[in-house]
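Let's take a friendly look at the aromatic rings here. The report starts once the structure is in view.

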Amino acid sequence: MPKVKQVERARREETATPLDAAFKLVDSLPVPVFFKSRDGRYLGVNRAWEEFFGIAGSSFIGKQVADLYPSDPAIAEKHAAMDSALYEKPGRQSYEITVRARAGRLYDTIYYKSTYADSSGEVAGLIGAIVDITARTSAEAALRENEERWRTIFNSANEGILVYDRELNVVAGNQAAERIIGVPLPEIIGAAGFTSLLPCVHADGRPVHTDDRPTRITARTGKPLSGHVVGIKRAGGAHTWLSVNTGFLRHGESSDWYGVISSFTDITAQRNAENAVRESEERYRRTFELAGSGLAHVSLDGHFLRVNRRLCEFLGYSEGELVGMTVREISHPDDLSVAETPRNKVAAGEIDSVRFEKRYLRKDGATVWASVAIAMERDANGRPLYAISVLDDITARKETDAAMRESEERYRRTFELAGSGVAHIGLDRKFIRVNRRLCEILGYPESELIGMTGREISHPGDLDIINDQRPSLYAGEIEHVRVEKRYVRRDYSIVWVAFSMVVERDAAGQPIYEIAIFDDITERKEAEAALAESEERFRSLTQLSSDWYWEQDEQFGLKFMSRRMSERTGLDPSAYIGRKRWDQPALNLTDEDWARHRAQLERHEPFRDFEMERPNTDGGTRWICVSGEPIFDGSGRFRGYRGVGQDITARKQAEADLRRAHDELAKKADELQRSNAELEQFAYVASHDLQEPLRMVSSYTQLLGKRYGDKLTGDAQEFMHYVVDGAARMKQLIEDLLAYSRVGTKGKEFKPASIEAPLRKAITNLRASIEEASAAVTWDPLPTESIDEVQLAQLFQNLIGNALKFRGPGVPRIHVSAVDQNDHWELSIADNGIGIEPQYFERIFMLFQRLHTMGEYPGTGIGLAICKKVVERHGGKIWVASTLGEGSQFHFTLPKRETPS
Amino acid sequence: MTDGRSPIEILLVEDNPGDERLTREALKEGKVYNNLHWAKDGVEAMEFLNQRGKYKDAPRPDIILLDLNLPKKDGREVLQEIKSDDKLKRIPVVVLTTSKAEEDVLRTYNLHANCYVTKPVDLEKFIVVVRSIDIFWLTVVTLPPNGH
């Protein structure tokens, strides 16, 4: 027990040495002190320690700290840990710790510890003192708790709180105050409240003056304020509205106050909300009434509860009529169920509001379209009260929509079905959109064309035709580009296109894209080329021919005449240009001729070979022949005449010569005919008149012979016989001659008749001779032809009579036949008579030609001449074939004439 | 030469005295009982028929022998006037022609001569013709009753 010894020694030697004195002091200190060895064993404690722990020190010497807190190992461990820490770093240490001490109670303590060294300087242990601070901490804790509570309230209050001193300057404020006022606390503190820092107004908007400050009012009146409203004006005109309460700070029950406390809450939102509600209600009322839309409150069973003016106007009912009616009553029959489902959904709360379009029937029966929005007004419990319906008249829009749709559709169809190729071309020159026709024209499928540029498929010769004009187009100097150019189709064929292009611009006038129209004019171009070629050909032709070309305007004034005219005619063209055709004289035309020509032109008829004999400057004339055709433009409007002219002077002269020759010939023919007729007439008259004296000679000779014959001598009687015989032959001659002349002068009209008829007549006339000669006359069927029956009978009679007269030794056989020779008949009379020698074949048809003496065969030599004349009068010819001694065949032809219908 | 009846009053209109004489001779040869009156042209013939001038007392002829080729007024005109005169149109007219051709011409006028006789060259034939006229008159023609 060296330690205890030491303590005891210390006590004993308390006055003896400083050390003893220190021990005595320690022992007498009211502060518990203890010593511990390096290994943690208690070496000694003082009286205060014994009292504090309630343990006798002597019993505890040598024990460790764990023995001190048998039931509180945590405390022991803490101490031990602190000891270790101290040994780690020798020196002083202090820490607060709550320990269990006397009576098992807990004490708040501060341990102060310090190491000490032995004589060798090694740390030998520690000395500790315990300061019981339990009482202090309790008071502090109570105060602190109180303060803390207030501070918490102060700081955590939603109300802003400012504390003012006696001079009404702010000495404290909470965070809410800072937040509500919007000024940092340090700036507020020391100031005369926020009303001095910021412009403030009363509830009615008047500015708050210094005396009106809530604190001043409070101080002046001595009464706290409650619910005093002050607004802080914020930049931008908004207000932060505060409800301010004030109170006094006093010591105890003292009537004197040393400060003022002010609490305030931000009622801006509330106040705004109230205003908003008020405004909203007003606005709603006004809105409801003045709304451009039709508004209605509709009960759950579909009756109108409230309607606005616009709705009344829209539906054509008065408010009085509409309220009480059902929605169903004014709905279009076809749209009765349109609103049903959406309305139910809104009523069920599935959706807030719904919008749909339906038709209504106005009072006047008209159908109107409305866009309807329905929302449900509910009570606080969410139960539907009524429906709010907003109706907008979209009748016009519906119509416009329809028109628009139609227009768009039309546009689309137009685009697609356009007879022209249509393309939208981007500003990068690439095709954006093309229609089918364009694909056809260019020969590319749409998929290939889109994205290509027009330049890629342009004909190399036409590359820059459009580009040259683009700047002007984009600058707005020209409205469109119109060109004709060539493109190379996909199959490398060339297509001519009439290209026109405009620029589509946005509202700001900026180009968006180009719209281009393509028309295939290949055929036209080819036609033009062909036309040009044709015109060239025509031009060369007119250059080479005698013709010239002319044009007349709508008033028939000559506006163009090719040079060829003056070259050909020598006429002065200036006398004709600008004038009408009838302004210049034509020697061959009468006024009536001109009027007719003019009328023809005015009827816009073509004319041919209009001949004019124009006087020439040299005193002669030129014959001009013009032909013309009216010109009509594409719309069918008359544009004048064009045509050709020809100098026909030479032809006219030739014609005149020919006509003169012809006239002379005709005159000669007439003379010849007259001469022939005179001759025939002469023959007729002569033969007729010759008969008179002949009859006298013959008759009186016979009368002489009859009365005085017996008185005459033989010679006289013979002479008289010759007179009578001569007179008889002369009579026959004259009669034949008369018959011959009568063929030409007394012929009858040709009439269709069977040729058998004159044949039968002839046979009848010859019956006596035929019977006398026992002749056989036969014939084939003969055709019907246009003939002079009397003359043909004479013809047959002469021919058959000849056959009988010149009959051979046998029975005469005479046969008549006809052969069809296409354009004429050939008739033959064949006999078996004596025949004719060939050298007489022609002679026998001549007048007075006879082959036999009067003694052999009587006759005048006129019969066959008459036959020839008859045949020739019928347009045919007559000839004979014969073999002497065997017979003759007389042939004659009769041309076929058209049988008159 | 009467056989109890009146002679036939014959008016011969003929410009040729040879023919007048020959006719007279032929009538004589044919033993026709007649009074032959001779008018030398158409004008004279019409005066005779209308009993004008020197023919005031001329008889109404029973038959007229009319030549066509007459001076002043030719046979066709005379025939026309006779046939358009109600008093005369029943008198038979025998037209004496020189040729068949004349007959054709006359027919075309459609003047309804009662008979056409071509003057024959042969005397005997002429006598036969005149004789046949006589027979024609005696046997066929019944004279219409005299209006006066």
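Buried means under 20% relative accessible area, exposed over 50% and partly exposed in between, with a 1.4 Å probe and protein chains only. This is a predicted model, in which local features need pLDDT of at least 70, side-chain atom pairs count only at pLDDT 80 or more, and totals for chains, interfaces and linings use all residues. Residues are numbered from 1 along each chain as its sequence is written, chains are lettered from A and ligands numbered from 1 in the order in which they are written, and side-chain values use heavy atoms, leaving out hydrogens and water.

Rings of Phe, Tyr and Trp (its six-membered ring) pair if their centres lie within 6.5 Å; planes under 30 degrees apart are stacked, over 60 edge-to-face, the rest tilted. Over all chains, the whole structure holds 28 aromatic pairs. Two of them are set out here:

| Pair | Centre to centre | Between planes | Type |
|---|---|---|---|
| Trp550(A) and Phe607(A) | 6.1 Å | 20 degrees | stacked |
| Phe796(A) and Phe892(A) | 6.1 Å | 65 degrees | edge-to-face |

Phe796(A) belongs to helix α27 (residues 789-805) and Phe892(A) to strand β33 (residues 887-895) of chain A, 96 residues apart; helices (H or I, at least four residues) and strands (E, at least two) are DSSP runs, numbered from the N terminus. Both Phe796(A) and Phe892(A) are buried. Trp550(A) is buried too, at 1% relative accessible area, and Phe607(A) is buried at 2%.

Ring pairs also build a cluster, with Phe34(A), Tyr42(A) and Trp49(A) among its members.
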